[in-house]
Amino acid sequence: MTMKIGWIGCGIHATQMLLPQLVRHDVQLIGLCDIDGARLKSAGRQFGVTNLVTDVEDLLRTPGLDAIGMAVGPDQHLAFGKAALERGLPVFMEKPPSGSAAGARELLAASEKARKPLLLGFMKRYSIGNRMAANIVRSGRFGEVMGLTGYYMTAPGYFAGNVDYTGFFLHHCVHYMDLVSFLVSPVRAITARKVEKTPGRVLFHVGFEFECGAIGNIAMGTIQSAERRWSVLS
């Protein structure tokens, strides 16, 4: 059975990363939505879609929709995700689901009320390496987890044009905030320290207390070329 999808947001990430993978499967894109007309037309040509709209409500009214996907901003994820769920449509959205924990809980409540799935693009926990690591940790072969250390860096100056670091927090760090819970247990408390010498170059040390009693620390920053390291201590 071919699944008919409506999609919101036709930016670079969607058109170069997400949609090309989606259409490899038994999926038909039957509508695209974006507020940028030129970007919308380009995506329509790329994926052979003629139902192009700039208003989300118009997309949600498209006959025959089986689900909605989206890759926009956190505020739009919250608003559009709730609108789609209220219409009884399953939803996939990129991370983060909202700019706040309260907004994420709103989406969870909307999903539960509609009895429709809400899928989020937190894919790090599904990667082969991280799944293998989690299986080893949970096996108990090395004893009870006592701590976690992590190191995540991205290119120096990458966010120099966005010195509030919104992109870094919500589109990079958020993956690793999800991953620590997957590898250890739900997080009970977080503390953070920051060093910023020049705009675009920032370093955080984030401390965690986990519900299982373990503790942890992750260094995150934009001060060197991309690097990721993890260690779970038992």
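Biologist: Happy to look at this one with you! Which residues does Phe168 touch, not counting residues up to four places away in sequence?

Modeller: Gladly, and please keep in mind that this is a predicted model. Contact here means heavy atoms within 4.5 Å. With residues up to four places away in sequence left out, Phe168 touches Tyr152, Thr154, Phe159, Cys173, Val202, Phe204, Met220, Gly221 and Thr222.

Biologist: Nice. Which residues have the most contacts inside the largest nonpolar core?

Modeller: In soluble globular proteins, nonpolar side chains tend to be buried together. The largest nonpolar core here has 23 residues. Those with the most contacts inside that core are Phe168, Leu183 and Val184.

Biologist: And which element gives the most to this core?

Modeller: Two or more residues come from each of helix 6 (128–138), strand 7 (147–153), helix 7, strand 9 (201–210) and strand 10 (215–221). With seven residues, the top contributor is helix 7.

Biologist: How many residues are in the other core that lies apart from it?

Modeller: Met70, Leu78, Val91 and Ala110 are among the members of that separate core. Its total is 19 residues.

Biologist: Let's turn to the second largest pocket. Which element supplies the largest share of its lining?

Modeller: This pocket holds about 420 Å³ of space. Strand 6 (118–120), helix 7 (166–183) and strand 8 (187–198) each give two or more residues to the lining. The largest share, four residues, comes from helix 7.

Terms used. Residues are numbered from 1 along each chain as its sequence is written. This is a predicted model: local features need pLDDT of at least 70, side-chain atom pairs count only at pLDDT 80 or more; totals for chains, interfaces and linings use all residues. Side-chain values use heavy atoms; hydrogens and water are left out. On a 1 Å grid over the protein atoms alone, a cavity is a set of points where a 1.4 Å probe fits but cannot get out, and a pocket is an open set with protein on both sides within 12 Å along at least five of seven lines; lining residues have an atom within 4 Å of a point. Grid points are joined across faces, edges and corners, and a volume is the space filled by probe spheres set on the points. A nonpolar core is a set of buried Ala, Val, Leu, Ile, Met, Phe, Trp, Tyr and Cys residues joined through side-chain atoms within 4.5 Å. Buried means under 20% relative accessible area, exposed over 50%, partly exposed in between (1.4 Å probe, protein chains only).
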